[in-house]
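Please open the model in your viewer and follow the stops below in order. Each stop says what to select and what is there.

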Number of protein chains: 2
Amino acid sequence: MVTRSALELSVLDRIRPQADERTHIHAIAGRLINSVNQSGSATGMIVGSVARDTWIRGDRDLDIFMLFPPDLPREALEAEGLALARRVVESAGGTSREKYAEHPYINAIIDGLDVDIVPCYAVHDAAAIQSAVDRTPFHTRYIKDRIRNLIDDVLLLKQFAKSGGIYGSDQMTEGFSGYLCELLVDHYGGFIPLISAAQDWWPGVLIDSSDHRTKTFHEPLVVVDPVDPRRNVSASVSLTRMCEFIELCRGYLERPGVEFFSLPVPASGSGESVAMLIEKRKTTLYTITFQTPPYIEEIVVPQLRKSLDAISALLTRHEFVVNRAAYCMHADRCILLFELVTGSLPPVTRHFGPPLWARENARQFSEKYIRGMEEGRIFSGPYIENGIYVVELARRYCNAGDLLISPSLLDVGLGRHVKAALSGSLTVKSGLDCLDEDFTDFIRSFLEKASPLTQIRQLENRTSV
Amino acid sequence: MVTRSALELSVLDRIRPQADERTHIHAIAGRLINSVNQSGSATGMIVGSVARDTWIRGDRDLDIFMLFPPDLPREALEAEGLALARRVVESAGGTSREKYAEHPYINAIIDGLDVDIVPCYAVHDAAAIQSAVDRTPFHTRYIKDRIRNLIDDVLLLKQFAKSGGIYGSDQMTEGFSGYLCELLVDHYGGFIPLISAAQDWWPGVLIDSSDHRTKTFHEPLVVVDPVDPRRNVSASVSLTRMCEFIELCRGYLERPGVEFFSLPVPASGSGESVAMLIEKRKTTLYTITFQTPPYIEEIVVPQLRKSLDAISALLTRHEFVVNRAAYCMHADRCILLFELVTGSLPPVTRHFGPPLWARENARQFSEKYIRGMEEGRIFSGPYIENGIYVVELARRYCNAGDLLISPSLLDVGLGRHVKAALSGSLTVKSGLDCLDEDFTDFIRSFLEKASPLTQIRQLENRTSV
């Protein structure tokens, strides 16, 4: 018998689905399943948190899968699947729109409920899947019974993760999926046993309940999928999210508090207060803003990340010291933000040549610089330092802004769609000009960056004063 | 039979000792040797370039060694040696002063000639020496006959090295001694064969004519002493001087010119012209000046070098980027010069903590910063980056000048006498205030730094225009 703390019991009271909510959802789900089954072409199945009774109150999305025979050709599956889903939604009195993940599916609003209706193949074995969605029914079948007695634990973990900003396996979050939360609770046997164990996780920790993995994984957190020995369920979890979870677990066990389950969204503030933060730091901010490429977040966000790294490396190559950088994607515009220790550098820069004993390279270097072909650019040298030729040249970009608007920006590894967007049009701003209504909150949280546990402790300090 | 170029022949005409000069020196040397021998307590011997006829015209210093029996106690050798040397000088009508290397000796002016008279032990074998000077007579005996037919080659090499600023094994120069020049010419069989071979030297090149070394040497250039298998004759040659020599050899063979034997001393210029150089670079200079410690160059210069490195490292630790640094020792004052990319930094700096999985360290870090004990210093964080705790703190020194006048300066590895001098009194200046009459030429040559070959080629370009 599990003993819950008063805190956890009160959290559960707040987050457990209510009876009428459960009745309402299952009624809709039942109608949709019937409707799918009656079509004769596919079998309906509830998956996701509704199937397992593990949704947080008010936060339910209904996922209905339609399992088609595996010999149906892919195009037919997509066409028939979408058509059937539309009919099912229509008969339930809802409104449909088409969406895309690996394959198209239907998202609908039915009686105020957000429902995804997804066609997939009814394969006989998880190893025989034709697309990632085919694996989902196996997850539901596997986990449903195993966590029947751990539902409260799953709810606590999900709320804990959501509150800490680490819930969600999307590219923006890089955190913990619902299925991962369920597997972890199952593996450790409850919320408290899990977070006790997680305190001592390290990058590379391996959890393989079924002891059946058939490959080596290189992600920081490895939880082998019980239904597929080749898959890491936590592949999407970044090292930072993993460490933030570890830190939250330690913090909670050391000094539990309601904030671990209800961290408020940081209050948004005025542009002036952000301007004060910028001026206090005396660093130089640069932003690049541009139109969001017309692709989904899962495609664009990895490219933003890649672009951020590539442009940071470009700045570093030109000797601008990047303190930190971050990106943000909105529906209409994206922003890349760089904080530099200084935005301007002196006109002289050292250029390192070959060692003297690499004779042919040394000859070419000395030809180029000693013979004066580059005389106009030379401040001093060539001279020799630690056996290496050095020459001091006029710096190409004394100002980081000039570098960021130069054609060099498009030569670094930006990712295809970001490159296309930047080639079209971009805006580079610096200092207080970076303050942009749409991104004020993003810039504030960048400047006030703090781990989830830090935010919780700060909140406690403020409250206790 | 060696064929000399017209250039080399004309250089030799200029640098070979003249007949009357040789007669004059040998007459004085003869008198001094007689005088030593007549004392009955020691045997006189001419050593150095006069003994080998390898001095450059006008540049002769006479070295007379007095060889005492090896069973004489050290104190008696010093006392008797100095007394005898004084008597010998007096009888020759010269004026004496005492000087110190490893041991005291007498420096005299006799008939306008600079003469060192040095007591040493007449050991039977170079392996049995009691002090470094005891080795010198062995050098003379070894090399004298071997280079009898290579004297012009030695003269050319010495002039070549002097002109390039790499002649002299003292701490300030870190270059080639006269004996090393003689050994190299002997080993390769002449000036041109030597410089042809030196083009392809690399750090660690080993020259062991007698094939008898008994240890491994770690200096960049290794020339094993034929009279002592445990000694590297070129131990004093720095990697930079070695590479400058390599570069000069390549440059001379590629395009010979008289400048390789007569590079003029760079013209000194006004303070204003140096100020213009400083302003053009837009970097920030800092100087530390202080009284020269009351010790010889061979003691002080290595400490200046050590101090320069230690203070550069201090600046780097505090995130000031040092472009270059240099030192200079004058009789009364020393200067340490640092060129920084920027002399001031923003007030925020990132402080890196332990990785999250080093649990006890992580706990201590989070105690310190998350619990707010350091709250006043925190700009943002702690947050997690690549699995590591990071916190952004108020920078201790935003201005490099404040760091250089702080007590931290005396905590770095300065060398004993430099530390004592800096503890007494030091002056820190920045920017144009660094211009100091005594060190204007030093600062100019720092700003215009160029290898010897670069200087020669610049001179050619200027002449040919």
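Select Asp186(B) and Arg146(B): their side chains form a salt bridge, with the closest N and O atoms 2.9 Å apart. This is a predicted model. Colour the two by accessibility. Asp186(B) is buried, at 14% relative accessible area, because buried means under 20%. Arg146(B), at 42%, counts as partly exposed.

Stay in chain B and select Arg31(B) with Asp111(B). This pair also forms a salt bridge, and here the closest N and O atoms are 4.0 Å apart. Arg31(B) belongs to helix H2 (residues 19–38) of chain B, while Asp111(B) is in the loop between strand S4 (104–110) and strand S5 (113–121); the two are 80 residues apart and link distant parts of the chain. Are these residues buried or partly exposed? Arg31(B) is partly exposed, with a relative accessible area of 40%, and Asp111(B) is partly exposed too, at 47%.

Now move to chain A and select Arg457(A) and Glu460(A). Their side chains meet in a salt bridge of 2.9 Å, N to O. Both residues are in helix H16 (residues 452–464) of chain A; because they are 3 residues apart there, about one helical turn separates them. Arg457(A) is buried, with 2% relative accessible area, and Glu460(A) is buried at 13%. Over all chains, the structure holds 56 salt bridges.

Ile299(A) is in helix H11 (residues 297–317) of chain A and counts as partly exposed, at 38% relative accessibility.

Finally, zoom out to the whole of chain A. It has 16 helices and 15 strands, and its C-alpha atoms fill a box of roughly 85 × 60 × 45 Å along the principal axes. Of its 465 residues, 52% count as buried. Chain A exposes about 20400 Å², with carbon and sulfur atoms supplying 51% of that area. To finish, select the charged side chains of chain A: there are 50 positive and 60 negative ones, and the centres of the two sets lie 3 Å apart.

Technical notes: Residues are numbered from 1 along each chain as its sequence is written. Chains are lettered from A and ligands numbered from 1 in the order in which they are written. This is a predicted model: local features need pLDDT of at least 70, side-chain atom pairs count only at pLDDT 80 or more; totals for chains, interfaces and linings use all residues. Side-chain values use heavy atoms; hydrogens and water are left out. Helices (H or I, at least four residues) and strands (E, at least two) are DSSP runs, numbered from the N terminus. Buried means under 20% relative accessible area, exposed over 50%, partly exposed in between (1.4 Å probe, protein chains only). Accessible areas come from the Shrake-Rupley method with a 1.4 Å probe; for residues, only the protein chains shown count as cover. Lys and Arg count as positive and Asp and Glu as negative; His and the chain ends are not counted. The place of a charge is taken as NZ of Lys, CZ of Arg, CG of Asp or CD of Glu.
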